[in-house]
Amino acid sequence: MTLQDIPQFQADALAAVAAAKTPDDVEGVRIKFLGRNGSLTALMKGLRDVPPADKPAFGQALNALRAAFTEALEARKEAVAGEGAAHEAFDFSMPGNWRGAGSLHPLTLVTEEVTRIFAQMGFTVADGPDIETEFNNFDALNTAKHHPSRDERDTFWLGPELLLRTQTSPVQIRTMLARKPPVRIINPGRCYRRDTTDATHSANFHQIEGLFVDVKPVSLADLKSTLAHFAREMMGPQIQVRFRPHFFPFTEPSVEVDFSCHVCKGKGCAVCKQSGWIEILGAGIVDTRVFRHVGYDPECYGYAFGMGVERIAMIKYGVTDLRHLYTNDLRYLRSFA
Ligand code: DAH
């Protein structure tokens, strides 16, 4: 190539730029001339072989050529922006890229619903730690020294007098140690027991505890009407409640509380095992020995109750295997949204 050939080269290069119709075309032209193997690149590399006398003039001409070419290229790039491939343009009619909203876990839904219902009746939420003392979890709840639930095959012991709470009932003790009556609390929380996981058991599960203490007489009838209201709010207006005698160390008398089956309306079906009733809670009148342990006047009156959150979720949502609640399969959890 000689100096005289440069105008022709430039004319060809600018014609190629002018012929580009899309951003891709412009890029193609750039590569053809200025890419690693581009013809203009080769021309500039050849400068070192030009005789020294011709070098300044040749160099200047090449620089001017290169400047004219890149300027034309930039101008063309702007002119054709938005042309060609469809994805280069923004199409406002395209459907959005929906990522889905999150949803609450069924155990959270149940906990919030129970809390809401009891809040309407004046119960406030109390809290307590997962790591408890033996005193709060057992002694103060009037649990005999050799009661089997204290056994290390049932309880996760962390030290001589420290454990992972096996129930939310110790929050009753914490609350009464901290406050004077009247007390009206509800406490949702995690509990731990050495249970082998199966369809209805888990070593880590959730309970909701309730405690009502007053200086005026409180009876089983008060407990029953409170739980009947809860049952109807939670499961539906036609739900009946029945008490069966039971034993808990911290209540006397103690009862187990059944709701009439919401599926068959009490006629008998697979959900209620043909009995028409479903066991939901443990409850009772607070034992005076518990009041003594927390320094309350044993003449106080109170009732307490405790329920399993998993159990209510299973009944309310027809969950057949509690493990579904823990494996965090989003396809499953989204069905509760
Ligand atoms: N803590 C009991 C359990 O884990 C449930 C319970 C029963 C709680 C009776 C209570 C109650 O407050 O009065 O089985």
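This is a predicted model: local features need pLDDT of at least 70, side-chain atom pairs count only at pLDDT 80 or more; totals for chains, interfaces and linings use all residues.

Reader: Which residues come nearest to the ligand?

Author: The shell around the ligand holds 15 residues. Its members divide into five nonpolar, eight polar and two charged residues. Those that come nearest are Q167, S169, R193, Q207 and E209.

Reader: How far from an oxygen atom of the ligand does a polar side-chain atom of Q207 lie?

Author: A polar contact requires a pair of N or O atoms within 3.5 Å. In the case of S169, a polar side-chain atom lies 3.0 Å from a nitrogen atom of the ligand. For R193, an N or O atom of the side chain is 2.9 Å from an oxygen atom of the ligand. For Q207, the distance from a polar side-chain atom to a ligand oxygen atom is 2.9 Å.

Reader: What percentage of the area that the ligand exposes when taken alone does the protein bury?

Author: Taken alone, the ligand exposes 360 Å². Of that area, the protein buries 89%.

Reader: Is C300 buried or exposed?

Author: A residue is buried when its relative accessible area is under 20%. C191, at 0%, therefore counts as buried. C300 has a relative accessible area of 9%, so C300 is also buried.

Reader: Where is P182, which is joined to P181 by a cis peptide bond?

Author: The bond from P181 to P182 has an omega near 5°. Another cis peptide bond joins E252 and P253, with omega about -5°, and P253 lies in strand β8 (residues 251–260). P182, by contrast, is found in the loop between α7 (170–178) and β5 (183–192).

Reader: Why does K273 count as exposed?

Author: K273 is not a glycine, yet its phi is positive, at about 50°, and its place is in the loop between β8 and β9. The cut-off for an exposed residue is over 50% relative accessible area. K273 is exposed because its relative accessible area is 72%.

Reader: How many Å separate the centres of domain 1 and domain 2?

Author: The domain assignment gives domain 1 (3–89) and domain 2 (106–336). Taken over C-alpha atoms, their centres are separated by 80 Å.

Methods
Residues are numbered from 1 along each chain as its sequence is written. Side-chain values use heavy atoms; hydrogens and water are left out. A residue is near a molecule or strand if one of its heavy atoms lies within 4 Å of it. A polar contact is a pair of N or O atoms within 3.5 Å; within protein, one must be able to donate a hydrogen and the other to accept it, and residues adjacent in sequence count only if both atoms are side-chain atoms. Accessible areas come from the Shrake-Rupley method with a 1.4 Å probe; for residues, only the protein chains shown count as cover. Ala, Val, Leu, Ile, Met, Phe, Trp, Tyr, Cys and Pro count as nonpolar, Asp, Glu, Lys and Arg as charged, and the others, Gly among them, as polar. Buried means under 20% relative accessible area, exposed over 50%, partly exposed in between (1.4 Å probe, protein chains only). Domain bounds come from an automatic or database domain assignment. Helices (H or I, at least four residues) and strands (E, at least two) are DSSP runs, numbered from the N terminus.
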